Amino acid sequence: MASSNLRAALFMALAMAGYVFNDVFMKALAEDMSMGQAIVLRGMVATLLIWFIAHRSGAMRPVGVALRPMPLLRTVGEVVATVLFLTALPRIYLANATAILQALPLAVTLGASIFLREPVGWRRWVAIIVGFLGVLVIIQPGYVGYSPYSILVAGAVLCAAARDVATRAMGDDVPSLFISVVTSAAVTVTGLGMWIVDGSIAPVTAAHLLQIVAAAVFILVGYQFVVLAMRKGEIAFVAPFRYTSLLWSILLGAIVFAEIPDPPTILGSVIVVATGLYTLYREHRVAQRR
């Protein structure tokens, strides 16, 4: 189990790096085109790549497998989370958006308690409440730095939690690569709808093509390795490695977009990460006593 946990932790760290680098390229693309157009162009490349890999690996399954309750819930959760997050991303700091996402382990614990009937003691309930208060510190409702788009990121957290709970409930007969193909295709189709509603068509330069391909590769890294991490390791051991995304977002936000997090964002991030780590620690202690 130790070696499985280490591999899963590496998978989670790779997934988080993939997601953040994808966010950087998508945020850059959104400066020149609508987010719907960016999602479609990235999705066409990503879906083709992951389908080719899945097909060569024998991981493809009939469409009906994707329509089972848990795979379908996972796909819907991923699609809605992606739309909410990417709609907000061009309008707020990368580090702020990623910091709010750090509440995901708390939301997953909450969802597992409600929908999977996993026991949650009073200490973890307190940690969940304090963690969500930390999210409010980051969002800063009612203050000058408040952005309503932060609420969209908070909604993305809830949808991503539904995605992860569904992942835990899926059967092992549904290959990770197949789930990645379905997810990528569904997000692309949703992006097409966003693009049609927006109605704008921006010219695509060679620089844009490089950014699109890079975003597609990195989002595939995120899709594939987050599923592997959730399946291969113990949640209490693996989940803390989600927080590596915050380090990447602060670093890349400062380098690429000259974005420096303000004190409330830093304070809220510390609160969210601390409560998340404590919640995972308590889950590990409870599991040892069973």
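The largest cavity in this structure has a volume of about 400 Å³. Keep in mind that this is a predicted model. In total there are 2 cavities of 30 Å³ or more.

Staying with the largest cavity, 23 residues line it, and those closest to its centre are Tyr19, Asp23, Phe85, Leu101 and Arg163. Helices H1, H4, H5, H6, H8 and H10 each give two or more residues to that lining. By class, the lining has 13 nonpolar, 5 polar and 5 charged residues.

Arginine 163 pairs with aspartate 164, at 2.9 Å from N to O. Both of these residues are buried. Salt bridges with shared partners join Arg74, Glu78, Arg163, Asp164 and Arg242 into one network.

Next, the pair of glutamate 259 and lysine 27, whose closest N and O atoms are 3.5 Å apart. Glutamate 259 sits in the loop between H12 and H13, and lysine 27 in H1, so this bridge ties together parts 232 residues apart in sequence. Glutamate 259 is buried at 8% relative accessible area, and lysine 27 is buried at 6%.

Arginine 68 and aspartate 173 form another bridge, with closest N and O atoms 2.8 Å apart. Here the two residues lie in loops, one between H3 and H4, the other between H8 and H9, so the pair ties together parts 105 residues apart in sequence. Arginine 68 is partly exposed at 34%, as is aspartate 173 at 44%.

Last, helix H2. Its 22 residues, 35-56, reach 31 Å from first C-alpha to last, close to the 32 Å expected. After H2 comes glycine 58, with a positive phi near 70 degrees.

Key. Residues numbered from 1 in each chain as written. Predicted model: local features only at pLDDT ≥ 70, side-chain atom pairs only at ≥ 80, totals over all residues. Heavy atoms only, no water. Helix = DSSP H or I, 4+ residues; strand = E, 2+ residues; numbered from the N terminus. Expected span 1.5 Å × (residues − 1). 1 Å grid on protein atoms, 1.4 Å probe; cavity = no way out; pocket = protein on both sides within 12 Å on 5 of 7 lines; lining within 4 Å. Points joined across faces, edges and corners; volume = space filled by probe spheres on them. Nonpolar A, V, L, I, M, F, W, Y, C, P; charged D, E, K, R; others polar. Salt bridge = Lys/Arg side-chain N within 4 Å of Asp/Glu carboxyl O. Buried < 20%, exposed > 50% of the residue type's maximum accessible area, 1.4 Å probe, protein only.
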